[in-house]
Amino acid sequence: LGLGLLLGVLAWIAGLASGLLWRYLQAATLYAVFTLMLPFSDRIALSAKDALIGTEDFVVQVAPECSGIEGIGLILVVIAVYIWSARARLAFPRALWLLPIGVLAVFAGNVLRIALLIAVGVNLSPEIALSGFHSKAGWLFFCGIALVIIGAVQHTRVFARADALAADSGEAGWSPARTYLSPLLMLIATSLVTALFSTGFDRFYGLRIAAVALALYSQRAHLPRPSWPPSWHAPLIGAAVFALWLWLVPVPAAGRVSELKHAIAALGSPWSQLWLALRVVGSGAAVPIAEELAFRCFLLLRLIAA
């Protein structure tokens, strides 16, 4: 736990420190976005002095916190930790190339993010671009880049040792991590994707339930079986926790409640009723099951074993 806390703090510090290098990447980021978008629009323009880029209809300013340099600092920490933790299976010195590869991938991903942000603002909706896509796309790209790099290393001979790959193929079988973590990871990934095109109200909430159900179905042979007859105290504990939850959660502001009612009503019948039903199923079944499998069946047992 102490090591995990230390690595988290180091990653946070690296992200902040890398922000000091923003001015060295400002022009490169702006001109890369301009070059990427130029074949698709002759209306794109930029102002290097003010860090502005866009069209007459939609303009964005590439602020320091959105420049991608923070992501570069974070990816360096993630890959460095991975190289250290997986050093026994990696081929050195080739594995050190993962560091510059990660930096270039994050820079390219941020350029693509800004270009897509402008495209969404111009062609789809400025509200969606600013409220959903702007804040969620960066994290989605970062997670995707980190997972793709590590996943590729795990299954290729370029950076992994041949004997490690052979050992993996000989030990292929059931994976507790895949069984217990995949529902929660699918839930998080789906919520990130649907939030890209949301203005605070996720009309595609049902996709989260479908993602969790798909993960549970794929791992059904390895999931814990429910006990029978069910225990009498579990519903009582659940009811008590539910009451405590309602008591602790602050009452939403009247404006927020009005916005939510308006967004649900805008779906029309019967879609509004379906959305409410899916929201109840997600909050009462899909999300709790995914969280319990991840924290109780996996994380808690790993901590006990340690």
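Reply: What follows takes the labels one by one and sets values against cut-offs.

Reply: This is a predicted model, where local features need pLDDT of at least 70, side-chain atom pairs count only at pLDDT 80 or more, and totals for chains, interfaces and linings use all residues. Residues are numbered from 1 along each chain as its sequence is written, and side-chain values use heavy atoms, with hydrogens and water left out.

Me: Why is threonine 194 called buried?

Reply: Buried means under 20% relative accessible area, exposed means over 50%, and partly exposed is in between (1.4 Å probe, protein chains only). Threonine 194 has 5% relative accessibility, so it counts as buried.

Me: Where does threonine 194 lie, and what does it touch?

Reply: Threonine 194 is in helix 7, residues 176-195. Helices here are DSSP runs of H or I with at least four residues, strands are runs of E with at least two, and both are numbered from the N terminus. Leaving out residues up to four places away in sequence, threonine 194 touches Asp202, Phe204, Leu207 and Arg208. Contact means heavy atoms within 4.5 Å.

Me: What makes the link between threonine 194 and aspartate 202 a polar contact?

Reply: A polar contact is a pair of N or O atoms within 3.5 Å; within protein, one must be able to donate a hydrogen and the other to accept it, and residues adjacent in sequence count only if both atoms are side-chain atoms. The side chains of threonine 194 and aspartate 202 are 2.9 Å apart at this contact.

Me: Why do arginine 208 and aspartate 202 count as a salt bridge?

Reply: A salt bridge needs a side-chain nitrogen of Lys or Arg within 4 Å of a carboxyl oxygen of Asp or Glu. Arginine 208 and aspartate 202 meet at 3.0 Å, N to O, so they pass. Aspartate 202 is buried at 10%, whereas arginine 208 is partly exposed at 22%.

Me: How many salt bridges are there in the whole structure?

Reply: The search finds three. One of them joins arginine 43 and aspartate 57, with the closest N and O atoms 2.3 Å apart. Arginine 43 lies in the loop between helix 2 (22-37) and strand 1 (45-47), and aspartate 57 in the loop between strand 2 (52-54) and strand 3 (59-61), so the pair ties together parts 14 residues apart in sequence. Arginine 296 and glutamate 292 also form a salt bridge, at 2.8 Å. Both lie in helix 11 (residues 271-305), four residues apart, about one turn of the helix.

Me: How do you know that arginine 296 is exposed?

Reply: Its relative accessibility is 53%, so arginine 296 counts as exposed. Glutamate 292 has 38%, so it counts as partly exposed.

Me: What makes tryptophan 174 and tyrosine 180 an edge-to-face pair?

Reply: Rings of Phe, Tyr and Trp (its six-membered ring) pair if their centres lie within 6.5 Å; planes under 30 degrees apart count as stacked, over 60 as edge-to-face, and the rest as tilted. The structure holds six aromatic pairs. In this one, the centres of tryptophan 174 and tyrosine 180 are 6.2 Å apart, with 90° between the planes. Tyrosine 180 is buried at 12%, while tryptophan 174 is partly exposed at 44%.
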